[in-house]
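Visitor: I'd like to learn how to read a model like this one. Could you walk me through it?

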Amino acid sequence: MSRRPARAEHPGASGGTGEPAAGDRVLTLPNLISFVRLLGVPLFLYLLLVARADVAAVVVLAIGGTTDWVDGWIARRLHQVSRLGELLDPLADRLYILATLVGFTARGVVPWQFTAALLAREVLLLGSLAVLRRYGYGPPPVHYVGKTATFLLLAAFPILLLAAAVPGAAAVAGAIGWGLAWWGLVLYWVAGALYVVQASRLVRATRSGGASA
């Protein structure tokens with residue numbers, strides 16, 4: 001993870017990392033994929049909570065989760081990285097996780113304690129982002145630990161729903177799903193701690209620089 005997120009006054013800087021600089025483009029293939037992923041969130045909730053079409057909900061959730069890496073890979077491959085895409089990708093991930101937690105908790109697929117643990121991490125991260133914004137910093141780059149945690153959670157949720165929807169698969173699918181889910185939860189909190197440490201270092205550096213000036 002970079003320890004120097006771009007400040008708001010330099011939004012297009014690549015930081016000399018060799019990655020393509022974020023542009024102002026909106027109509028790109030990666031952004032289109034992210035928009036489609038976002039449309040899958042309300043569709044998933046409708047299928048899960050209203051239509052009670054669990055198999056279709058599993059398919060939508062699986063597609064939304066397994067395509068998590070596609071938009072970012074295409075953006076780097078085609079040099080179509082954009083500021084909008086950098087916002088849409090993590091937004092889609094978080095909305096899928098939030099929607100899944102709400103739906104699964106309402107259906108009794110996961111206990112409320114698991115949901116509360118994940119939501120508490122989101123509250124912690126929102127607090128860190130608010131502090132960074134106060135000092136002129138944007139969101140920190142996504143850490144590979146956070147991406148791994150998101151992948152594990154988005155892989156676990158369809159399997160847990162499958163275990164709840166198909167009694168014959170409950171034993172095997174439940175064991176696999178909860179194994180992935182608990183690892184995802186642990187790594188999710190590890191990533192959150194890394195973000196907080198990074199934010200603290202940036203704030204201390206900014207304060208020290210201001211005091212020196």
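Visitor: How many salt bridges does a search of the whole structure find?

Guide: A salt bridge here is a side-chain nitrogen of Lys or Arg within 4 Å of a carboxyl oxygen of Asp or Glu. The search finds five of them. Before we look at some, a word on the source: this is a predicted model, where local features need pLDDT of at least 70 and side-chain atom pairs count only at pLDDT 80 or more, while totals for chains, interfaces and linings use all residues. Residues are numbered from 1 along each chain as its sequence is written, and side-chain values use heavy atoms, with hydrogens and water left out.

Visitor: Fine. Which secondary structure does the protein chain have?

Guide: Helices (H or I, at least four residues) and strands (E, at least two) are DSSP runs, numbered from the N terminus. In this case the chain has seven helices and zero strands.

Visitor: Back to the salt bridges, then. Which side chain does Arg37 meet in a salt bridge?

Guide: That of Asp93, at 2.9 Å from N to O. Arg37 sits in helix α1 and Asp93 in helix α4 (residues 83-107), so this pair ties together parts 56 residues apart in sequence.

Visitor: Are Arg37 and Asp93 buried or exposed?

Guide: Buried means under 20% relative accessible area, exposed over 50%, and partly exposed in between (1.4 Å probe, protein chains only). By that scale both Arg37 and Asp93 are buried. For the whole chain, 40% of the 213 residues count as buried.

Visitor: Which residue does Arg94 pair with?

Guide: Arg94 and Glu122 meet through their side chains in a salt bridge of 3.0 Å, N to O. Distant parts of the chain are linked by this pair, with Glu122 in helix α5 and Arg94 in helix α4, 28 residues apart. Glu122 counts as buried because its relative accessibility is 17%, whereas Arg94, at 31%, is partly exposed. Glu122 also meets Arg121 in a salt bridge (3.1 Å, N to O). Arg121 is buried, with a relative accessible area of 2%. As for networks, salt bridges that share partners join Arg37, Asp93 and Lys147 into one.

Visitor: Which residues of α5 are buried?

Guide: An α-helix has 3.6 residues a turn, so residues three or four places apart point the same way. Keep that in mind as you go through the buried residues of α5: Phe114, Thr115, Leu118, Arg121, Glu122, Leu125, Ser128 and Leu132.
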